[in-house]
Amino acid sequence: MAHTDTLGTAQTGRLKPRRYVFVLMENFTMLSFAGAVDALRIANRMRPGSYEWVLAGEGGDTISCSSGISYKLDMDLVEVQRDDTLILCGGTHVQEATTKRLLNWLRREARRGVVIGALCTASYVLARAGLLDGKRATIHWENQDSFTEEFEDVELTKSVFVVDGNRMTTAGGTSSIDLMLKIIASDLGEDVASMVADQQIYSSIRTDQDQQRLSIPTRIGVRHPKLSRVIQMMEINVEEPISPSLLAKEVGMSTRQLERLFRRYLNRSPKRYYMEIRLQKARNLLMQTDMSVINVALACGFASPSHFSKCYRAHYDTTPYRERGAQAARPLS
């Protein structure tokens with residue numbers, strides 16, 4: 001059954017509403033899905049009959065989001081109408097929810113020319129299906145490291161959303177609202193999109209030029225240009241770490257001045273802070289990819305696996321091998 005606020009002819013010259021097929025994956029993120037659907041619902045209040053939507057998923061019965069709430073599905077993974085738009089909704093444990101049947105279905109619908117979008121971690125699924133090769137895309141910042149390692153043919157960006165031809169991807173969270181507002185503006189006009197945003201109390205509409213993560217000063221709670229620049233260099237150079245002396249030189253400081261700067265604002269040394277950045281990336285790769293522990297170590301700037309294991313254990317109170325083992329042993333539900 002199609003979900004609409006008002007069925008009928010859209011006031012935009014279209015003979016029928018534009019239909020969205022939201023494909024819910026197990027443990028999908030409710031915020032991304034709800035934000036997208038609600039934007040369409042409100043648009044229908046402004047221009048009755050503009051949109052309709054159905055919920056699809058493997059099995060066509062019920063599916064649960066990551067917060068444990070179950071949704072009744074309208075349909076299984078069956079052939080959709082050519083002018084439908086598929087919106088794949090991902091969330092936690094996306095690798096486990098990516099089944100061979102889902103991948104084959106997506107490839108089949110893509111061959112038929114169907115427009116396909118992905119919310120949150122669902123960009124991973126489109127990439128696994130080969131549907132993002134040679135295209136620009138985005139994914140939640142927490143998954144960027146593992147995505148880059150696995151999908152070299154995709155031009156990954158840090159934008160809140162990306163539209164490249166007949167593929168759309170978002171970073172998760174409220175970025176699905178930004179994507180839908182762009183679509184609504186294109187379909188119904190900027191004024192309607194603005195009214196939808198007002199209804200959602202969404203005061204700052206972002207474009208595909210906006211970055212998904214907070215700026216470094218906002219994240220660390222400190223506005224210091226030299227400190228921000230050093231942290232930026234650290235985040236960019238994880239595989240081949242830069243020495244504190246070179247970092248200091250890059251911003252026109254002595255090593256001792258850089259040490260004092262980090263101690264004053266972050267209560268840790270530059271070396272310690274850099275290590276935490278590298279270990280966080282290592283943990284993401286261990287949790288989200290099948291890379292060997294040795295390759296993870298190399299990707300995060302550790303020449304010696306034993307040194308990597310020692311640092312990892314000191315920070316996370318477990319070894320990389322146990323982290324990987326715990327990940328593999330985790331139940332699917």
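Good morning. A surface patch, in what follows, is made of residues with over 30% relative accessible area and no salt bridge, and nonpolar side chains are joined into one patch within 5 Å. The structure under discussion is a predicted model.

With that definition in place, I begin with the nonpolar surface. Ile294, Leu298 and Tyr321 form a nonpolar patch, and together they present about 310 Å² of accessible area. Leu298 belongs to helix 13, which spans residues 293-299. Its relative accessible area is 43%, so Leu298 is classed as partly exposed.

The surface also carries a negative patch, formed by Asp133, Glu149, Glu152, Asp153, Glu239 and Glu240. Asp133 sits in the loop between helix 4 and strand 7, and at 44% relative accessibility Asp133 is partly exposed.

That loop also contains Ala129, between helix 4 (123-128) and strand 7 (136-137). Is Ala129 buried or exposed? With a relative accessible area of 8%, Ala129 is buried. Beyond its neighbours within four places in sequence, Ala129 is in contact with Leu103 and Arg107. Ala129 and Arg107 are 22 residues apart in sequence, while their C-alpha atoms are 6.4 Å apart in space.

I turn now to the salt bridges, of which the structure holds 10. One of them joins the side chains of Arg19 and Asp84, at 2.7 Å from N to O. Arg19 lies in strand 1 (residues 18-24) and Asp84 in the loop between strand 4 (70-72) and strand 5 (85-89), so this pair ties together parts that are 65 residues apart in sequence. Both partners are buried: Arg19 has a relative accessible area of 13%, and Asp84 has one of 2%.

A further salt bridge links the side chains of Glu79 and Arg112, at 3.5 Å from N to O. Glu79 is placed in the loop between strand 4 and strand 5, and Arg112 in the loop between helix 3 (100-111) and strand 6 (115-119); the pair therefore ties together parts 33 residues apart in sequence.

Finally, Glu276 forms a salt bridge with Arg268, with the closest N and O atoms 3.1 Å apart. Arg268 is partly exposed, having a relative accessible area of 26%. Thank you for your attention.

Terms used:
Residues are numbered from 1 along each chain as its sequence is written. This is a predicted model: local features need pLDDT of at least 70, side-chain atom pairs count only at pLDDT 80 or more; totals for chains, interfaces and linings use all residues. Side-chain values use heavy atoms; hydrogens and water are left out. Helices (H or I, at least four residues) and strands (E, at least two) are DSSP runs, numbered from the N terminus. Buried means under 20% relative accessible area, exposed over 50%, partly exposed in between (1.4 Å probe, protein chains only). Contact means heavy atoms within 4.5 Å. Patches are made of residues with over 30% relative accessible area and no salt bridge: like charges are joined within 9 Å, nonpolar side chains (Val, Leu, Ile, Met, Phe, Trp, Tyr) within 5 Å. Accessible areas come from the Shrake-Rupley method with a 1.4 Å probe; for residues, only the protein chains shown count as cover. A salt bridge is a side-chain nitrogen of Lys or Arg within 4 Å of a carboxyl oxygen of Asp or Glu. Lys and Arg count as positive and Asp and Glu as negative; His and the chain ends are not counted. The place of a charge is taken as NZ of Lys, CZ of Arg, CG of Asp or CD of Glu.
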